[in-house]
Amino acid sequence: MRIEWNAHMFSRDRGRYPFHAQAAYTPREEMLAADPLGDYLARMQAEGIDRGVLVQPEPYGDDHALVLDCLAREPDRLRGTAFFYPKDPAAPQKLVALAWREPRIIAMRFHAHRGKEQYLDSFADPGVRALWHRAADLGMIIELHIGPNYAADLAALLPAYPRVPVLIDHLAEPQLGSPGEYEDVLALAKFDHVLMKLSGLGHFAKAAPLYEDALPLTRRVVDAFGPDRLVWGDGSPRIIDTHLAHLPAAERAKVHGGNLARLLKFA
């Protein structure tokens, strides 16, 4: 089974799906689509993707209307993630309401990296902990779009929630940190409930589409986390076979989708 956890939906219909007043950025016009889900379903067919996880994009903030509509159209093949503002005191209750409305929302996402410090100051913030705790109560996964400079801060929180799966996006954006800070990222592998997403290679590597120039870094990540705690996120699925070429096909299959099938309870 091949499962991708990454797709953002952006609609041209700004009346029905307006961008949030607190949007961190506005997507480029060419990123907007008349039928974003239809376009994604075509990608799934072209790439042999069996299931997908739609990630709530920052421009829509905590308005999940578009991802909810997409999940309603494809309830069997798709799951979704939530995003709320940790500094909003009502955020934990909003998360509960969303989860009750749509149980296919399976994760709560946090953002914290250089250039994106407005959402939280530290993972010790009361608002962060309140959202994390509520997500744990709901049986959700924690999805983290963090930079290396937040890895040590994150490590202080992880022991408090040993049964809550934590998925780190985009290799923790290595280009946004120092080599020393990236050692803190690799050290997160000591927590058995932390997984790493093999994605975002195009954020720092140049040799598209398979980004072989990132192999020295991805090999260290693979060695640290192992194939049982790696998942795939974006780009060509051939990236997995390129960056895990030293592993048997059965181990690569876990990263192609086996790990997420187990985590998300996909048949």
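Is Ile142 buried or exposed? I took this as the opening entry, and I found that Ile142 counts as buried because its relative accessibility is 0%. I use buried for under 20% relative accessible area, exposed for over 50% and partly exposed for what lies in between, with a 1.4 Å probe and protein chains only.

**Basis of the entries.** I worked on a predicted model, in which local features need pLDDT of at least 70 and side-chain atom pairs count only at pLDDT 80 or more, while totals for chains, interfaces and linings use all residues. I number residues from 1 along each chain as its sequence is written, and side-chain values use heavy atoms, with hydrogens and water left out.

**Ile142.** I located Ile142 in strand 5, residues 141-146. Helices (H or I, at least four residues) and strands (E, at least two) are DSSP runs, numbered from the N terminus. I then listed what Ile142 touches, not counting residues up to four places away in sequence: Met108, Phe110, Trp132, Ala135, Val164, Pro165, Val166 and Leu167. Contact here means heavy atoms within 4.5 Å. For the pair Ile142 and Phe110, I noted a separation of 32 residues in sequence and 7.8 Å in space, C-alpha to C-alpha.

**Nonpolar cores.** I looked up the largest nonpolar core and found 73 residues in it. Such a core is a set of buried Ala, Val, Leu, Ile, Met, Phe, Trp, Tyr and Cys residues joined through side-chain atoms within 4.5 Å. Met108, Phe110, Phe123, Trp132, Ile142, Leu144 and Ile146 have the most contacts inside the core. Helix 2 (residues 65-73) gives the largest share of this core, five residues. Another core lies apart from it and has 14 residues, including Val55, Ala107, Leu260 and Leu264. As background, nonpolar side chains tend to be buried together in soluble globular proteins.

I also recorded the contacts of Leu144, leaving aside its neighbours within four places in sequence: Phe110, Phe123, Trp132, Leu154, Val166, Leu167, Ile168 and Asp169.

**Helix 2.** Which residues of helix 2 are buried? I list Leu66, Val67, Leu68, Cys70 and Leu71. The cover over the buried residues of helix 2 includes helix 1 (36-47), strand 2 (51-54), strand 3 (78-83), helix 3 and strand 4 (105-112).

**Helix 3 and helix 4.** I found that helix 3 (residues 91-101) packs with helix 4 (residues 126-137) at an angle of about 25 degrees, the axes being 9 Å apart. Axes are lines fitted to C-alpha atoms, for helices over the stretch in contact, and angles run from 0 to 180 degrees between N-to-C directions. Helix 3 and helix 4 are therefore roughly parallel to each other; angles under 35 degrees count as roughly parallel, over 145 as roughly antiparallel, 65 to 115 as roughly perpendicular and the rest as oblique. From helix 3, Ala91, Pro92, Leu95 and Val96 meet Ala130, Leu131, Arg134 and Ala135 of helix 4. I sorted the residues of this contact by class into seven nonpolar, no polar and one charged. Ala, Val, Leu, Ile, Met, Phe, Trp, Tyr, Cys and Pro count as nonpolar, Asp, Glu, Lys and Arg as charged, and the others, Gly among them, as polar.

**Helix 6 and helix 7.** At what angle do helix 6 (residues 179-187) and helix 7 (residues 215-225) pack? I noted about 35 degrees, with the axes 9 Å apart. Tyr182, Glu183, Val185 and Leu186 in helix 6 meet Leu217, Arg220, Val221, Ala224 and Phe225 in helix 7.

**Backbone entries.** In the loop between strand 6 (166-168) and helix 6 I looked up Leu171 and Ala172. Phi of Leu171 is near 55 degrees, a positive value in a residue other than glycine; phi of Ala172, likewise positive in a residue other than glycine, is near 65 degrees. Leu171 counts as buried at 0% relative accessibility, and Ala172 counts as buried at 0%. I also found a cis peptide bond between Ala208 and Pro209, with omega about 5 degrees. Pro209 sits in the loop between strand 7 (194-198) and helix 7.

**Arg109.** I placed Arg109 in strand 4, where it counts as buried at 3% relative accessibility. Leaving aside neighbours within four places in sequence, Arg109 is in contact with His8, Val55, Ala82, Phe83, Glu143, His145, Asp169 and His170.
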